[in-house]
Amino acid sequence: MSGTPPRWGDRAGRRRDILHAARTQIAERRYLALNMRDIAAGAGVSAGTLYSYFATKEEIFVTLYAEAVEAHTDSLVPLCDGAPDLETFITGLFTSYLDLYASYGRHFSLWAAVVADPAATPGDGPVLPAELTAALRKATLRQGRMVSATLQRLTPGRDAPGEARRRQALVWATMSGVAEHLTSDRHLLSGVSADELIAYTARTLAAGLRDGPRDP
């Protein structure tokens, strides 16, 4: 017989179902609540089938994390290519980051070691497959290079030794702090909306990056 193979004969389709079930679980209960049995049930597969695709929940999370970072980076391409000034770029960058941070941000620090050192594992967790750590590292570094190049384009002449690294670190730290504030209940205490805070931060940060001292 010819035609489309049965759904459950499609290994790629089964993998998509597993990742979708895990993605849903992360959205509802965050990474720490990921449970292999629940993922299998959500995907409509047996636990044995699930383990034939992913050995641990860490493997599933890193797969989703790398995919999310890559998709987020793709979404930034028009902004990086077309932002006419620093304030516009920072506003767009911070705004787009909120959705990614809401799902994965509270665990960025946990996985930072994997990006910095592909041989590292988060905490005392199991060793991750090399292709997964490579994918996560590639996705993260690609985004970093794009953001750094755009900051350089929009702050011409700021070329003191170490300036590019300090500039990128400041933007990343500020962006993470704003995202953490806006995705937690703390933002309810300030009475400042997300748009207002991001706009104010973009103006302040842009002014500092343009006009601040070139060396500490």
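**A close look at α4 and its partners**

Tutor: α4 and α7 cross in a left-handed way, that is, the near helix is turned anticlockwise from the far one by less than a right angle (clockwise would be right-handed). Bear in mind that this is a predicted model, where local features need pLDDT of at least 70, side-chain atom pairs count only at pLDDT 80 or more, and totals for chains, interfaces and linings use all residues. Residues are numbered from 1 along each chain as its sequence is written, and side-chain values use heavy atoms, with hydrogens and water left out.

Back to the pair. The axes of α4 and α7 (residues 130–154) come within 9 Å and cross at roughly 20°; axes here are lines fitted to C-alpha atoms, for helices over the stretch in contact, and angles run from 0 to 180 degrees between N-to-C directions. That angle makes α4 roughly parallel to α7. The cut-offs are under 35 degrees for roughly parallel, over 145 for roughly antiparallel, 65 to 115 for roughly perpendicular, and oblique for the rest. Sorted by class, the α4–α7 contact has 13 nonpolar, 7 polar and 6 charged residues. Nonpolar covers Ala, Val, Leu, Ile, Met, Phe, Trp, Tyr, Cys and Pro; charged covers Asp, Glu, Lys and Arg; the others, Gly among them, are polar.

Now for α1, another partner of α4 (residues 57–82): these two pack at about 85° with their axes 10 Å apart. α1 and α4 are therefore roughly perpendicular. On the α1 side you'll find R15, I18, L19, A22, R23 and I26, meeting I60, F61, T63, L64 and E67 in α4, where contact means heavy atoms within 4.5 Å. By class, this one has 7 nonpolar, 1 polar and 3 charged residues.

While you're on α1 (residues 11–29), have a look at Q25, which sits in that helix. Q25 is buried, with a relative accessible area of 3%; buried means under 20%, exposed over 50%, and partly exposed in between (1.4 Å probe, protein chains only). Leaving out residues up to four places away in sequence, Q25 touches R30, A33, L34, N35, D38 and I39. By contrast, G42 in α2 (residues 36–43) is exposed, at 57%. G42 lies 25 residues from D17 in sequence and 8.2 Å from D17 in space, C-alpha to C-alpha.

Elsewhere, α5 (residues 86–104) and α10 (residues 194–211) pack at about 135°, axes 8 Å apart. That makes α5 oblique to α10, and the crossing is right-handed. Residues including I90, F94 and L98 in α5 meet a set in α10 that includes I198, L205 and L209.

Zooming out, the protein has 10 helices and 0 strands; helices (H or I, at least four residues) and strands (E, at least two) are DSSP runs, numbered from the N terminus. Of its 216 residues, 42% count as buried. Among contacts with a separation of 6 or more, 69% come from residues 24 or more positions apart.

Last, confidence. Mean pLDDT, the predictor's confidence in each residue from 0 to 100, is 83, and 82% of residues reach 70 or more. Residues 1–6 stay under 50, and the model gives them 0 contacts beyond four places in sequence.
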